[in-house]
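Hi,

Here's the structure I said I'd pass along. Have a look at it first, and then read my notes below.

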Amino acid sequence: MLELLFLVPVVPFASFLWLATAGSRTSRKAVAVVGVGSIAICTVISLLITWSYLASPPDGGAFTQVLWTWISVDGFTPQIAFYLDALSLIMMLVVSFVSFVIHLYSAEFMLEGEGYSRFFAYMNLFVASMITLLLANNLLLLYLGWEGVGLCSYLLIGFWYQDSANGRAAQKAFIVTRVGDTAFAIGLFLLFTHLGTLDIQALMQRAAQQWPVGSTLAIVASALLLGGAVGKSAQLPLQTWLPDAMAGPTPTSALIHAATMVTAGVYLIARTHVLFSLAPPTQFAVAVVGAATVLLAGCSALVQHDIKRILAYSTVSQIGYMFLALGVGAWTAAIFHFMTHAFFKALLFLVAGVVIQALHDEHDIFRMGGLRKDLPYAFWGFVIGGSALAGLPLITAGFYSKDLILWSAFSSTQGSTALWIAGLIGVLLTSLYIYRLIFLTFYGKKQIEVAHRPGWRIKIPIVTLSVLSLVGGFVNIPKALGNVPAFTDLLHSALPAVIERQASMITEGLSEGIAAIAFALGLGFAYLFFLHKRTLADILASNAIGRLIHRFWFADWGMDWLYDRLFIRPIIWFAQVDRNDFMDAFYAGVAGLNEFSWRALRETESGRLRWYAAGITAGTVVFLAIVLWT
Amino acid sequence: MILIWLITILLASGVAAWMIARWSVLAARWIALVATLADFVITLVVWLRHYGQFSIVVQGNWLEQLDWAWIPRFGIHFHLALDGLSLLLLMLTFFLGIVSVLVSWTEIQHAEGFFHLNLLWVLAGITGVFLAVDLFLFYFAWELMLVPMYFLIAIWGHERRQYASVKFFIFTQLSGLLMLIAILALYFAHHAATGVYTFEYKQLLATPLSSSAAWWIMLGFFVAFAVKLPAVPVHTWLPDAHTEAPTAGSIVLAGLLLKTGAYGLLRFVVPLFPGAAHQFAPIAMILGVIGILYGGVLAFGQTDFKRLVAYTSVSHLGFVLLGIFAWNELALEGAVVTMIAHGISTGALFVIAGLLQDRMQTRDMGRMSGLWSTMPRLSGAGLFFALGSLGLPGLGDFVGEFLVLLGTYPVSRLLTILAAVGVLVATFYALRLVQRAFHGANVHEWKLPDLVKREALILAPMVVLLLWLGLYPLPVLNTFKPAMKSLQQYASRPMREAK
């Protein structure tokens with residue numbers, strides 16, 4: 001059964017090829033059948049492979065399938081080959097499944113407007129690239145998938161290409177992530193030069209053998225990979241592209257910019273965890289980046305008006321949690337949170353899409369309100385997804401994954417109280433901003449009439465993801481609550497466990513209790529400010545300091561502004577000034593000089609005898625002078 | 001014998017097309033098409049016949065050769081020889097030759113016979129350059145490329161064709177003269193050392209030279225090839241020539257003429273003067289990186305579709321220069337893959353530019369915008385080749401540039417990092433091209449016909465080839481690997497001494 005592995009990326013790729021070449025001449029129904037069907041097949045194969053993997057695990061917990069040798073030059077022999085272990089298995093399963101429900105949703109959601117087949121072509125190509133990224137057995141193939149998903153992200157953000165604002169957002173996303181990718185690529189050069197391979201498993205082995213913990217090369221190499229990861233996963237300081245990426249269709253935001261692609265950086269670090277373990281400073285940087293991103297993006301989410309931008313900042317912030325987990329060596333916790341986040345964040349975007357479509361493309365939550373009765377699916381989707389996001393204790397998936405991260409941030413040998421507290425503040429912020437969104441959207445006075453209600457292809461994904469957002473956490477129940485760590489046990493064949501510090505005053509149960517309090521506080525504040533007494537929030541935001549902070553957070557801490565002044569304007573300025581290439585001026589000068597001397601000499605051919613006689617005389621004098629005096 | 005056919009088919013068909021065009025233009029076009037197709041098939045057959053043997057070819061043996069005494073008194077031979085490297089470049093030549101004939105099918109509407117004469121003769125000159133292993137013959141072929149190319153630009157070019165063609169001619173002619181002097185200097189130096197007058201490549205390889213003589217002669221060759229490549233700062237003829245040339249001219253210029261410069265560096269500069277080249281390598285590599293970055297930024301600033309594409313060549317060929325002078329197996333093979341992939345992806349972008357010009361009578365991107373809504377297929381193709389140009393993994397350019405950078409890294413980290421930033425710059429210009437031409441609103445309300453069958457037929461193989469090079473370049477790598485090994489062997493001995 002494992003031999004079917006190559007089909008998981010190949011089926012969506014084949015479907016992409018068909019849609020790209022023949023899709024525009026085919027009926028929408030056929031496009032939907034092929035576009036969604038290919039992902040359905042992909043999901044079924046993933047399930048079969050999972051079943052087979054769990055029923056009879058391959059030797060060493062890993063299975064490799066080589067298709068062909070890609071390049072072979074002087075010992076550099078990357079292959080087109082797939083590698084399946086517990087880590088890539090879980091990622092593949094989650095990605096293909098979430099992709100499937102989102103494709104199903106899109107079949108209805110995208111029905112109006114043009115470019116139906118183009119949309120499914122891009123989405124299918126995305127799934128193919130993402131799966132390639134996850135299954136790649138070497139870093140070069142991973143890089144191919146990595147760039148492929150970046151391309152699809154670009155194409156889908158700019159899907160409605162006729163509005164040039166979308167084009168700008170798309171270009172920004174591609175370029176900002178490619179800044180990170182450049183670091184990633186340089187990391188590949190370094191790794192190959194010093195370790196002689198890009199095959200991930202061999203690379204990790206050699207790194208562990210040849211580089212001592214804390215060696216400069218390991219630190220530099222891992223830092224370069226981290227550069228790629230922060231770009232793709234929208235972490236500080238390269239997070240600025242993700243909020244703008246919301247210009248794309250909502251299913252795209254759900255799939256690419258929430259559930260799957262943006263977690264590629266998390267996957268990369270988990271995949272190369274050996275390297276990061278060899279470089280404690282880099283790993284600490286991962287934790288700090290994560291914690292800082294949790295807080296900064298959480299604050300930005302608090303003041304946005306656009307429903308999708310709130311969710312975008314929330315995604316940035318939640319991936320911050322995953323980075324925090326990676327940074328303290330809680331590899332499995334990061335992957336656990338990736339999975340639950342994929343469920344509830346995809347759900348939140350899908351229901352946000354329902355709301356937006358119902359209200360004639362309205363994005364501003366301050367112009368919504370009272371939608372509870374009219375859009376019950378959206379309402380319950382938001383309540384469940386939002387609660388999972390905020391970590392409503394015991395009954396939501398987000399609670400289990402986030403608490404595992406919080407506890408690891410405290411208890412790991414690489415953790416600290418500061419990181420733990422940052423995580424807890426993040427919980428408060430999360431619960432505050434998401435309930436603010438829910439209260440403003442679904443409670444209060446109705447402002448716009450609902451014009452459009454979802455059909456079954458939208459309802460099924462919402463229900464499915466809602467269920468998963470609730471029960472998805474039960475695969476890993478912590479010690480204090482019954483101790484069923486099935487998920488982490490499975491992953492431990494690929495990723496090492498957290499190394500815990502000596503016991504201290506705070507226990508796991510206490511950490512969970514404090515997190516629950518932080519959650520409740522956030523919910524309480526949201527209730528107070530946005531449901532009970534709206535004027536309170538206005539008072540807070542209306543004084544000078546409040547306004548300043550509001551503006552600052554609203555504009556993502558001014559980072560766009562900074563990058564614009566520092567990088568974009570100088571480059572554009574230079575390109576425009578030098579449009580005609582100053583170097584050409586030199587050659588134009590030479591040509592001009594020739595022309596000038598030609599004109600000057602031509603003037604002497606005036607036909608006047610006196611001038612000729614004078615010239616001859618002067619010449620004779622000069623030559624005589626030279627002859628006589630030298 | 002097969003090698004002489006490659007050239008004579010082109011020369012003779014050129015004359016035939018010229019004559020017959022008086023009676024039937026269509027016949028002239030068909031003659032040109034059949035001639036290029038025939039040459040392509042011949043090289044394809046040669047490739048398939050030798051394919052199994054590439055890995056076992058003895059060092060330095062030619063796959064095919066032909067050696068006639070031409071002017072024996074001066075040691076001049078009509079000596080053509082083929083190895084894996086020249087074979088691949090020839091296949092590229094004839095492939096782009098077919099493309100050039102096809103894109104001119106409707107575009108060229110006056111003096112068609114003379115046009116095809118010039119086109120086929122340029123191709124013949126290029127074929128000669130890739131095959132000649134007698135330096136006199138090489139120079140002869142080098143000049144043979146120049147004149148018909150000049151006519152192609154000057155007669156069938158766009159608005160500023162006079163300026164561009166003269167500029168092109170002066171740059172290449174002057175640099176060609178430098179090469180002639182260098183060839184003669186080497187010829188006499190060889191005689192002084194051995195008493196034998198010869199232009200034969202293999203014999204000249206062993207010429208003992210004082211290091212200063214080697215340095216100056218090497219520099220003469222280098223300048224000639226650097227102008228063709230083009231390297232900054234002698235690149236300024238390129239944007240004008242490429243922009244003003246007719247589509248077929250641009251394809252031949254970007255796809256092939258530039259490659260003759262790179263080929264010259266590979267075949268002659270480094271193997272003939274390994275010590276001097278080794279000394280010179282840091283400068284050449286810096287020039288390469290400057291080309292990558294500066295060319296990219298210049299491309300980014302352009303408003304003319306064709307001019308933008310032209311400047312991207314400066315950037316891409318910078319990688320080739322960098323790779324050649326890094327001179328290790330990874331970088332060298334990367335440079336060759338870049339040469340081939342660039343020929344296809346940039347050639348295709350020029351085809352797109354030609355199709356747009358044909359439909360819109362403008363190359364100004366300010367007048368485009370939103371073409372996707374009226375020509376989705378053409379725009380999709382444009383997007384695809386722009387992605388090739390920005391080095392998307394899975395397409396040919398990526399393999400080449402990645403290998404170059406991978407090979408350059410151990411030689412110079414700083415230059416590798418700067419060149420990698422150049423890949424980022426490629427993202428700027430490629431996305432800008434897509435955004436300004438194809439995406440955006442159709443503000444000028446263009447209503448234009450999408451790709452017709454002939455046009456799709458030109459672009460489809462280019463798409464396939466670029467994907468093939470990107471996903472399974474192994475057959476191509478295997479084809480030129482032995483040739484590169486023997487080049488490295490020629491160059492290796494004194495380089496070890498230099499270290």
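How many helices and strands make up the secondary structure of chain B? There are 18 helices and two strands in that chain. Before you go further, keep in mind that this is a predicted model.

Let's stay with the overall build of chain B for a moment. Its C-alpha trace spans about 70 × 55 × 45 Å along the principal axes. For a compact globule of 499 residues you'd expect a radius of gyration near 23 Å, and chain B has 22 Å, so the two agree. Of those 499 residues, 69% are buried. If you take the contacts with a separation of 6 or more, 81% of them are between residues 24 or more positions apart. The accessible surface is about 15600 Å², and carbon and sulfur atoms account for 69% of that area.

Now zoom in on a helix pair. In chain B, α15 (residues 396–408) packs against α17 (residues 453–471) at an angle of about 35°, and their axes are 6 Å apart. On the α15(B) side you'll find Gly396(B), Asp397(B) and Val399(B), which meet Leu466(B), Leu469(B) and Gly470(B) of α17(B). Sorted by class, that contact has three nonpolar residues, two polar and one charged.

Over in chain A, check both ends of helix α23 (residues 544–554). Asn543(A) caps its N-terminal end, with a side-chain oxygen 3.2 Å from the backbone nitrogen of Ile545(A). After α23(A) comes Asp556(A), which has a positive phi, near 55°.

Cheers

Notes:
Residues numbered from 1 in each chain as written. Chains lettered and ligands numbered in written order. Predicted model: local features only at pLDDT ≥ 70, side-chain atom pairs only at ≥ 80, totals over all residues. Heavy atoms only, no water. Polar contact = N/O pair within 3.5 Å; in protein donor to acceptor, adjacent residues only side chain to side chain. Helix = DSSP H or I, 4+ residues; strand = E, 2+ residues; numbered from the N terminus. Axes fitted to C-alpha atoms, helices over the stretch in contact; angles between N-to-C directions. Contact = heavy atoms within 4.5 Å. Nonpolar A, V, L, I, M, F, W, Y, C, P; charged D, E, K, R; others polar. Rg over C-alpha atoms; globule rule 2.2 N^0.38 Å. Buried < 20%, exposed > 50% of the residue type's maximum accessible area, 1.4 Å probe, protein only. Areas by Shrake-Rupley, 256 points an atom, 1.4 Å probe, with all protein chains shown as cover.
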